[in-house]
Amino acid sequence: MTVTIDAWRITGQPQIDSYVNRWVELAVVLVNTLAITRVRGRTAAPPADGPARLAALEGALEGAGRRPWEGLTARDADRLAGVAAELRPVFCAGEDLLRVAAGLNEVLVRHGAVPNLHGEGPVLAFHREGSDVVEAVAADCATALAMVIGVGQAARLSSCSAGGCEAVFFDTTRNASRRFCSLACQNRAKASAYRARRAARG
Ligand SMILES: [Zn+2]
């Protein structure tokens, strides 16, 4: 007999959900800040060197209501740009889920992701105690993304459908129906669909 566990309906569900949310949202910040070139119809050259990446990341983390990691260096920000590039395909999997999953498995191995109880709580984490911040972030983000995919929710890891926008997001709507990164893109897409219909009518 096969026992099926419904997505998220496991003991401790709220804690697991909040863990996953926290790290998936961080992956979203990393990708949108360090790895995409077009946002809301505009070209947005991602920051190109360590100091610029560090400044952009600190601003984005604060904007997302998170405290930037203490002691993060420009060199760390460079490495996080690499992590962002590794994580980005997960949000653009579409029909290519198996290939993306294989890629994500490699990311998990590369960054030493491993379930681990930390501290006196103890609290669950997915990086080794003593990992540096970049390896820890990479392992925790990649694990959270794998957890979403592993319960059949890959479609919730998505990117904006509006033209000229590559922003990624975590779709937490009830029926996973979100298509745009923002209201601005939703309105742009609506306006361009309207223009296309009018042009078609002549
Ligand atoms: Zn968008």
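**Entry 1: burial and overall dimensions**

I began with burial and found that 29% of the 202 residues in the protein chain are buried. I note here that the model is predicted. I then looked up the extent of the C-alpha trace, which spans about 70 × 55 × 30 Å along the principal axes of the protein chain. For the radius of gyration I read 18 Å; this agrees with a compact globule, because a chain of 202 residues would then be near 17 Å.

**Entry 2: contacts along the sequence**

I next considered contacts in the protein chain between residues at least 6 apart in sequence. Of these contacts, 56% join residues at least 24 apart.

**Entry 3: secondary structure**

I recorded six helices and six strands in the protein chain. Reading from the N terminus, I wrote down the order of elements as α-β-β-α-α-α-β-β-α-β-β-α.

**Entry 4: helix 4 and helix 5**

I turned to one helix pair: helix 4, residues 97–110, and helix 5, residues 133–150. Their axes lie 10 Å apart, and I noted a packing angle of about 150°. The crossing of helix 4 past helix 5 is left-handed.

Which residues in helix 4 meet helix 5? I listed A101, L104, V107 and L108 on the side of helix 4. On the side of helix 5 I listed A142, T143, L145, A146 and I149. Sorted by class, this contact of helix 4 with helix 5 comprises eight nonpolar residues and one polar residue, with no charged residues.

Technical notes: Residues numbered from 1 in each chain as written. Predicted model: local features only at pLDDT ≥ 70, side-chain atom pairs only at ≥ 80, totals over all residues. Axes fitted to C-alpha atoms, helices over the stretch in contact; angles between N-to-C directions. Helix = DSSP H or I, 4+ residues; strand = E, 2+ residues; numbered from the N terminus. Left-handed = near helix turned anticlockwise from the far one by under 90°. Contact = placed C-beta atoms within 7 Å. Nonpolar A, V, L, I, M, F, W, Y, C, P; charged D, E, K, R; others polar. Rg over C-alpha atoms; globule rule 2.2 N^0.38 Å. Buried ≥ 20, exposed ≤ 12 C-beta atoms within 10 Å, placed from the backbone.
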